[in-house]
Number of protein chains: 4
Amino acid sequence: TQPLVFLAGPCQLETRDHAMMIAERMAAICATHGAGYVFKASYDKANRTSLNGTRGLGIEEGLRILEDVRREIGCPVVTDVHTEQQCRVAGEVADILQIPAFLSRQTDILLAAGQTGRAINIKKGQFLAPWDMERVAEKVASTGNDKIMLCERGTSFGYNTLVADMRGLPTMARTGYPVVMDATHSVQQPGGQGGSSGGQREFAPVMARAAVSLGIASVFIETHEAPDTAPSDGPNMIPLDQMDGLVGSLMQFDRLAKENPLHV
Amino acid sequence: TQPLVFLAGPCQLETRDHAMMIAERMAAICATHGAGYVFKASYDKANRTSLNGTRGLGIEEGLRILEDVRREIGCPVVTDVHTEQQCRVAGEVADILQIPAFLSRQTDILLAAGQTGRAINIKKGQFLAPWDMERVAEKVASTGNDKIMLCERGTSFGYNTLVADMRGLPTMARTGYPVVMDATHSVQQPGGQGGSSGGQREFAPVMARAAVSLGIASVFIETHEAPDTAPSDGPNMIPLDQMDGLVGSLMQFDRLAKENPLHV
Amino acid sequence: TQPLVFLAGPCQLETRDHAMMIAERMAAICATHGAGYVFKASYDKANRTSLNGTRGLGIEEGLRILEDVRREIGCPVVTDVHTEQQCRVAGEVADILQIPAFLSRQTDILLAAGQTGRAINIKKGQFLAPWDMERVAEKVASTGNDKIMLCERGTSFGYNTLVADMRGLPTMARTGYPVVMDATHSVQQPGGQGGSSGGQREFAPVMARAAVSLGIASVFIETHEAPDTAPSDGPNMIPLDQMDGLVGSLMQFDRLAKENPLHV
Amino acid sequence: TQPLVFLAGPCQLETRDHAMMIAERMAAICATHGAGYVFKASYDKANRTSLNGTRGLGIEEGLRILEDVRREIGCPVVTDVHTEQQCRVAGEVADILQIPAFLSRQTDILLAAGQTGRAINIKKGQFLAPWDMERVAEKVASTGNDKIMLCERGTSFGYNTLVADMRGLPTMARTGYPVVMDATHSVQQPGGQGGSSGGQREFAPVMARAAVSLGIASVFIETHEAPDTAPSDGPNMIPLDQMDGLVGSLMQFDRLAKENPLHV
């Protein structure tokens, strides 16, 4: 078993310098603590709660920045895709393509993503059970690509609320694919602020630690130097200056978890 | 206020003759009982539970059949779209474009649908609250197209189960847009049969009647002459030979409901 | 099939005059519209959200008032019981004993209630499925008392929210016992106002109408001449001066529903 | 901060020898690993799914056995109470009285329990939010007794299913009272086997570990030498011969968690 890998970065790409600053800082933090690191950022927020939420830089400029991060910081990058065509374009650059939760049942995008040969991180739809993900993964695997990651990001629980069921992690792990905990979005309150989604940033480390203690492969976490002024997902991003402490403590739980594997 | 309109037909297009047979029968039933009628069928099932679920005829052949139904039976047609491009193509033929529930937060498809100038039936995501649909509708309305319909089809309720909250209908009606009850999919059990979704056909008339008694604009209901051998959604489609009785009784509730409007 | 019966009155007994006023008014309204009527009020609120919620008059004075209502207004009365001993005492007076939802799995109170020989209205626990009520009813029926009513009052749906699943009504009706819709509590927001429960009064007529259209036996509804100053459940009680209109329209739906029975 | 305490034993008391055997074994295991230990068993199962579920030995014989365990094994004991009177009787013997989840809003039993002066472990109702427990605790605290423990045992999540929300643990800890994770009942499937509740024994260690990693005070876990033949809760009890390994690994997570306190 490998040490924990962090998929971390800002919710959306802002500028080249901003991406570089966060990637550099996170890569250093992860290296210090023996963790793997993948830079995460979105070039387009395609499903904002309301029309006037900021969409992002667009795919062209976004991928240029991701390419720079990859080359200059030397870390792999992950970004989310929203159409079959974007799979092909983003697959030229990104090491990992991420399927958004809302799109996790759309067969064509799963196939297109698989066909790129890149690793595919599939977020579990908020409307899916953990065991439903086996058949979702099969769609990608049917392309001959088995570099699949399955990601918990919360399940609908009443209105405007998600709950992360810890049983989902070992359940998804039964597929044999590595399991990721999205600590940022599982504490989101979708649509909970009227025109945008709310969140409970203070619970992201809670979800991360509970999940890591079960022996997962990876944690997805969004971070920003000033979450409250970030263009999206501010309410649930972790301030960048808290990431060193968080990564450090999670790596201790990761080591202990991997020395004591759960058999479910 | 107008009499109730039925959006009804088979889950997916099978053959031209089959579509024609169902459209003719349903149009006659609705005419007899004073109901409006729109033929519904899908040319592509883009989000089947598993990869080996039948996908359908494809958009080209599908639209040809829908055009024939429109011309020969003389009723409007509704079909669902899954990409921006499909909006443009299907918008050449269909009177109503339907946004699938899983895609109800995808800004680009909502805009592309709106731009066709066709009526847009937006299914409420299983992960959305009824009041979230106001901002979803705004995305379509931003294109200058206000021919919007909002459709309840159930909300995630634990795993592999949906619940249809009757409060959602008057809540969505506050937007001023006509409200549709999808009696077929609100009794679906997503993923509930392992490799496909289960359903509780016997409850579709229950959901339809409860909703109609509240004074809604339209009922969406899938029907088939032999649901158990249909290529998809068999477990929750209504047998075609029960539709006359069902439409007849629902129209009585519709008249009573519209004579006694609820003020919520 | 019998016409709809209303179980209606204030949430809690306040004074003899107040009970008499409401019972008289409701009995007259129900008589006018051909509905059955049972006066409902509680002598003790045993499970308030917080300790400083008003508890009520107590069982002795409460039962005296219920007895007076029974004799002077000539209508049956229903009240809720919270212990085995209360079953025996209240069973001397009340025509119907009501088992609170939180207590719907407590074997001893179900047996004690059954042994009184009175009709027993069992509220479905917010934590139970409709089909679980068959085994709950069996506990009462084991005493030889089959005057059982099963009452929907909402199911937990995320935090501080309930949802009333219309499928629950015909599901519970399969037991053969009459089914009651509690239109008041199914729109409650438990604990939703911090130190007390919130509610959405405007949706109580929605829930009542949807349920009545399915052909149920009875509607439970709390009413008060001034809900906003009532000692409990103000946010979801219906103003008394709206009850005539509400009963009148529900009786129209009741007749139509009973002429068109659903076969589930 | 104190090391983790285990509240552990069989679901229900069977015989004196059986109780003694389990208590002795568990006390030894906990001592070996530096954990606290409280023997847990019920003298009466007052809310079985169906009438023909075994109820137990009764309070008199049950308390006699608990007293023997206390004296001979030298560990404190916890048992659940179902009426005010049982509080007084069981409070003569048990170190901790436990309020069942279904009864967690019943004011009188909370007050009666508080008045015994014993420690009170209140299970969070499946229908309550974590933040609702503050007002529940206030009912007990109003008696001058602040030896209160708040216990997560799962929240209703659709029908016949519970989910344990990890956010609930730090949320309840904000009250200042010690927090307990019930690893056994949070994986219960209430009513899920028709005439009895199902369970997912394999997930109990998952829930326990996730919770312990957050730094809680105590784990509640039911164990039996032969769960499949136990008179109740068999599907979610842990085999006794696995408890040594489980306690050992949980104590490692406990130490790490308490060295790295989360600040929520």
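Where is D:Asn160 found? Select D:Asn160 in your viewer and trace the chain on both sides. D:Asn160 lies in the loop that links strand S7 (155–156) to strand S8 (162–163) of chain D. Keep in mind throughout that this is a predicted model.

**Stop 1: Asn160 in chains D and C**

Stay on D:Asn160 and look at its backbone. Its phi is positive, about 60°, although D:Asn160 is not a glycine. Most residues other than glycine have a negative phi. Is D:Asn160 buried or exposed? Its relative accessibility is 17%, so D:Asn160 counts as buried.

Now jump to chain C and select C:Asn160. This residue sits in the loop between strand S7 (155–156) and strand S8 (162–163) of chain C. Phi of C:Asn160 is near 55°, again a positive value in a residue other than glycine. With 15% relative accessibility, C:Asn160 counts as buried.

**Stop 2: strand S6 of chain C**

Remain in chain C and select residues 148–152, which form strand S6. Why is S6(C) described as largely enclosed by the rest of the structure? Because five of its five residues are buried.

Show the side chains. C:Ile148, C:Leu150 and C:Glu152 point one way from S6(C). C:Met149 and C:Cys151 point the other way. Residues in both sets are buried.

To find one pairing, select C:Ile120: its bridge partner in S6(C) is C:Ile148. Now follow the chain from S5(C) to S6(C). The path passes through helix H5, residues 133–141 of chain C, and this β-α-β crossover is right-handed.

Pick C:Glu152 and look across to S9(C), where its bridge partner is C:Met181.

**Stop 3: helices H1 and H2 of chain C**

Select residues 16–33 for H1(C) and residues 59–73 for H2(C). Two packed helices are described by the angle between their axes and the distance between the axes. Here the axes come within 10 Å and cross at roughly 35°. The crossing is right-handed.

Which residues of H1(C) meet H2(C)? They are C:Arg16, C:Ala19, C:Met20, C:Ala23, C:Glu24 and C:Ala27. On the H2(C) side, look for C:Ile65, C:Asp68, C:Val69, C:Glu72 and C:Ile73.

**Stop 4: helices H7 and H8 of chain C**

Move along to H7(C), residues 204–212, and H8(C), residues 243–259. Their axes come within 9 Å and cross at roughly 20°. The two helices are therefore roughly parallel to each other. This crossing is right-handed.

Color the contact residues. From H7(C), take C:Pro205, C:Ala208, C:Arg209 and C:Val212. They meet C:Leu246, C:Ser249, C:Leu250, C:Phe253, C:Asp254 and C:Ala257 in H8(C).

How many residues of H7(C) are buried? Nine of its nine residues are, and the helix is mostly covered. Among them are C:Ala204, C:Val206 and C:Met207.

**Stop 5**

Switch to chain A. H7(A) is mostly covered too, with nine of its nine residues buried. They include A:Ala204, A:Met207 and A:Val212.

Step on to A:Ser213, in the loop between helix H7 (204–212) and strand S12 (218–224) of chain A. At 0% relative accessibility, A:Ser213 counts as buried. What does A:Ser213 touch, leaving out residues up to four places away in sequence? In chain A, the contact is A:Ala257. In chain D, the contacts are D:Arg209, D:Ala210, D:Ser213 and D:Phe253. For a distance check, select A:Val247, 34 residues away along the chain: its C-alpha atom is 13 Å from that of A:Ser213.

**Stop 6: Asn47 of chain D**

Finish on D:Asn47, in the loop between strand S2 (36–40) and helix H2 (59–73) of chain D. D:Asn47 is buried, with a relative accessible area of 18%. Not counting residues up to four places away in sequence, D:Asn47 touches C:Arg105, C:Gln106, C:Thr107, C:Lys139 and D:Phe102. D:Phe102 is 55 residues away along the chain, and the C-alpha atoms of D:Asn47 and D:Phe102 are 8.7 Å apart.

Methods: Residues numbered from 1 in each chain as written. Chains lettered and ligands numbered in written order. Predicted model: local features only at pLDDT ≥ 70, side-chain atom pairs only at ≥ 80, totals over all residues. Heavy atoms only, no water. Buried < 20%, exposed > 50% of the residue type's maximum accessible area, 1.4 Å probe, protein only. Helix = DSSP H or I, 4+ residues; strand = E, 2+ residues; numbered from the N terminus. Pairing = 2+ DSSP bridges. Right-handed = clockwise from strand over helix to strand, strands pointing away. Axes fitted to C-alpha atoms, helices over the stretch in contact; angles between N-to-C directions. Parallel < 35°, antiparallel > 145°, perpendicular 65-115°, else oblique. Left-handed = near helix turned anticlockwise from the far one by under 90°. Contact = heavy atoms within 4.5 Å.
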